[in-house]
Amino acid sequence: MTTRTARTTQAAQTAQAAQATQTSDAAPGAAAHRHGPRLPWAKLAPEVYKAMIALDAAAKKGLEPALVELVKIRASQLNHCAFCIDMHIKDARKAGETEQRIYLLNAWEEATACYSPKEQAALALTEAVTLLTEGFVPDAVYDRAAAHFDEAELAQLIALITTINAWNRFGVSTRMAPGQA
């Protein structure tokens, strides 16, 4: 190996090492999968965990089980919560959800033939509540959901979306690993 080739190889290795360090340390959210869970929050805050379980059960009352799982998966996708995505895809399958609808959920707006107008309205509301990109839920999105859900159902749907977002934040901030549920 020539000196020039050795220097080039060494420079490339140094650059790769620096990039790996930068990715894991400097970029928020990047390479989180390389780290294990931070802490067992449910064991350390058992009253909060019990309250979340009760909230989750209350929030989904009166809503169709398949719709509940679609909403939970979609919010979890937006929040990058691998633990919840994994768990709710398994739950959706148990609730009879098809593979095609699960696979296309990330692009539901382009796959409208796969989802009912009611489901599309729920997914649009899920995205608006989860992202709050404009600081509020647009009237058009809210009105679309209100056209498909009566007031009690709409209140439950908003509670469901809020609850899964809370679960996602616990999962992401403590780096809960998928496959543990």
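Contact, in these notes, means heavy atoms within 4.5 Å.

**Ground rules**

I am working from a predicted model, in which local features need pLDDT of at least 70, side-chain atom pairs count only at pLDDT 80 or more, and totals for chains, interfaces and linings use all residues. Residues are numbered from 1 along each chain as its sequence is written, and side-chain values use heavy atoms, with hydrogens and water left out.

**Entry 1: the overall fold**

I started with the secondary structure, taking helices (H or I, at least four residues) and strands (E, at least two) as DSSP runs numbered from the N terminus. The protein chain has nine helices and zero strands. I then looked up burial, where buried means under 20% relative accessible area, exposed over 50%, and partly exposed in between (1.4 Å probe, protein chains only). The protein chain has 181 residues, and 33% of them count as buried. For contacts between residues at least 6 apart in sequence, I noted that 66% join residues at least 24 apart.

**Entry 2: S76**

Where does S76 sit? I found S76 in helix α4, which covers residues 65–78. S76 counts as buried because its relative accessibility is 0%. Setting aside neighbours within four places in sequence, I listed C81, C84, I85, H88, I164 and N168 as its contacts. With N168 there is also a polar contact, side chain to side chain, at 2.9 Å. For that term I used a pair of N or O atoms within 3.5 Å; within protein, one must be able to donate a hydrogen and the other to accept it, and residues adjacent in sequence count only if both atoms are side-chain atoms.

**Entry 3: two positive phi values**

Most residues other than glycine have a negative phi. H80 has a phi near 60°, a positive value in a residue other than glycine. I placed H80 in the loop between α4 and α5. Is H80 buried or exposed? H80 is exposed, because its relative accessible area is 66%.

R175 also went on my list, with a positive phi near 55°. R175 lies in the segment after α9 (151–173). At a relative accessible area of 24%, R175 is partly exposed.

I looked up D56 in helix α3. D56 counts as buried, because its relative accessibility is 13%. Beyond neighbours within four places in sequence, D56 is in contact with K72, T163 and W167.

E153 is in helix α9, and I noted E153 as partly exposed, at 22% relative accessible area. Which residues does E153 contact, leaving aside neighbours within four places in sequence? I wrote down G62, L63, K118 and H148. E153 and L63 are 90 residues apart in sequence, yet their C-alpha atoms are 6.9 Å apart in space.

**Entry 4: the lining of the largest pocket**

I finished with the largest pocket, and here is how the term works. On a 1 Å grid over the protein atoms alone, a pocket is an open set of points where a 1.4 Å probe fits, with protein on both sides within 12 Å along at least five of seven lines; lining residues have an atom within 4 Å of a point. I counted 19 lining residues, with W41, Y49, F83, W167 and M176 nearest the centre of the largest pocket. Helices α2 (41–44), α3 (46–59) and α5 (82–94) each supply at least two residues of this lining. Helix α5 gives the largest share, five residues.
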